[in-house]
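Work through the exercises below with the model open. Try each task before reading its solution.

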Amino acid sequence: MILVCGGAGYIGSHMVHELVRRGEEALVLDNLRSGHRAAVHPKARFVQGDIRDRAVLDNIFSRHDIEAVIHFAASSLVGESVVKPLEYFDNNVGGMQSLLAAMAAHGRDKLVFSSTAAVYGEPERVPILEDDPTRPTNPYGESKLIMEKMMQWVSQAHGVRFVSLRYFNVAGALPDGSLGEDHRPETHLIPLILQVPLGRRARIGIFGDDYDTPDGTCIRDYIHVMDLTDAHQRAIDHLRRGGEGGVFNLGSAQGFSVREMISAAERVVGRPIPTAPEARRAGDPARLVASAAKAAKILGWQPRYTSIEDVISTAWAWHQSHPDGYAE
Ligand code: UFG
């Protein structure tokens, strides 16, 4: 059985869906602070609880034969982390401390971790390689980098092997429209763009149009959530085969500017999406594009969603059928 911490969140819920589809048994642990009970696959077991609560983890590891852990349970809003750094260190770093202690105590040795491009901060070059400098520019990225370092040391001391997956900009939804992204508040570009054709906002703000990029807007590497779940499954299989752990970028190696994303969304929804210039958002690097060559070489991973319109189409299917998200 695979324990999925944070399996009711955006990426976690898609992961659980994929695990069930592949015939794996999944147990979701989620405190539902930002996750949604309705997003948890009916065939997965569900425990509502906090990973910082050692008793909850001890209970799960004692009662279930947990072969591997996938850890998504963390606070993940860059802006909020700048205002509330201590909450981020408590939830993210504290959560990892508790999880690693429980895994070591119960002799569990396979961990796949949800890391982020935010560990790199403002990159010196793109595409970014895994051994490029890590200089986070916000507490969220710092907390994930600390969590990676904790896994590294605990791996040496206690043999907990780990794969840390540094996601770039995760996007899209389950293609049938039944699962998707529902953050409160929503801060991510694609859901906010799609709120315009949904009639939920009049225009999409463009946070800065004077960056050093061809059209002046920030460039990001958007990766489909189902391509990510495939990478996680490969990471588990890699650890099962006794493969060496480590950190891997997950991105498409293609960059799209904010303006290009809005144009692509216009093509998907078939109507114009009005924009409004806004001030730069603090801490936004001009360009983030991954080299995912290491994941290709070692995990055999290749993104299947290579067209940005296809990525946006799956998000559109979700938002059209669930304009209020999970509406709890
Ligand atoms: N943007 C706008 N208008 C909006 C929202 C976003 O112009 O209304 C811009 C942002 O300034 C940025 C781009 O669209 O240039 C993408 O923004 P998102 O908020 O969708 O994503 P980020 O690149 O800020 O964040 C993502 C992940 C974080 C992760 C970060 C790594 O969501 O978890 O990449 O830097 F930390």
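**Exercise 1. Describe how helices α1 and α7 cross, and list the residues that make the contact.**

Solution. This is a predicted model.
- Start with handedness: α1 passes α7 in a right-handed crossing.
- Next, list the contact. From α1 come Y10, I11, H14, M15, E18 and L19, and from α7 come V225, M226, L228, T229, H232 and Q233.
- Sort these residues by type: 7 are nonpolar, 4 polar and 1 charged.
- Now the geometry. The axes of α1 (residues 10-21) and α7 (residues 225-240) come within 9 Å and cross at roughly 60°.
- Classify the angle. Angles of 65 to 115 degrees would count as roughly perpendicular and those under 35 as roughly parallel, so α1 is oblique to α7.

**Exercise 2. At what angle do helices α2 and α4 pack, and which residues meet?**

Solution. 
- Helix α2 spans residues 54-63 and helix α4 residues 85-105.
- Their angle is about 35°, and their axes are 10 Å apart.
- The crossing of α2 and α4 is right-handed.
- On the α2 side, R54, L57, D58 and F61 take part; they meet S98, L99, A101, A102, M103 and A105 of α4.
- By type, this contact holds 7 nonpolar, 1 polar and 2 charged residues.

Terms used
Residues numbered from 1 in each chain as written. Predicted model: local features only at pLDDT ≥ 70, side-chain atom pairs only at ≥ 80, totals over all residues. Heavy atoms only, no water. Axes fitted to C-alpha atoms, helices over the stretch in contact; angles between N-to-C directions. Helix = DSSP H or I, 4+ residues; strand = E, 2+ residues; numbered from the N terminus. Parallel < 35°, antiparallel > 145°, perpendicular 65-115°, else oblique. Left-handed = near helix turned anticlockwise from the far one by under 90°. Contact = heavy atoms within 4.5 Å. Nonpolar A, V, L, I, M, F, W, Y, C, P; charged D, E, K, R; others polar.
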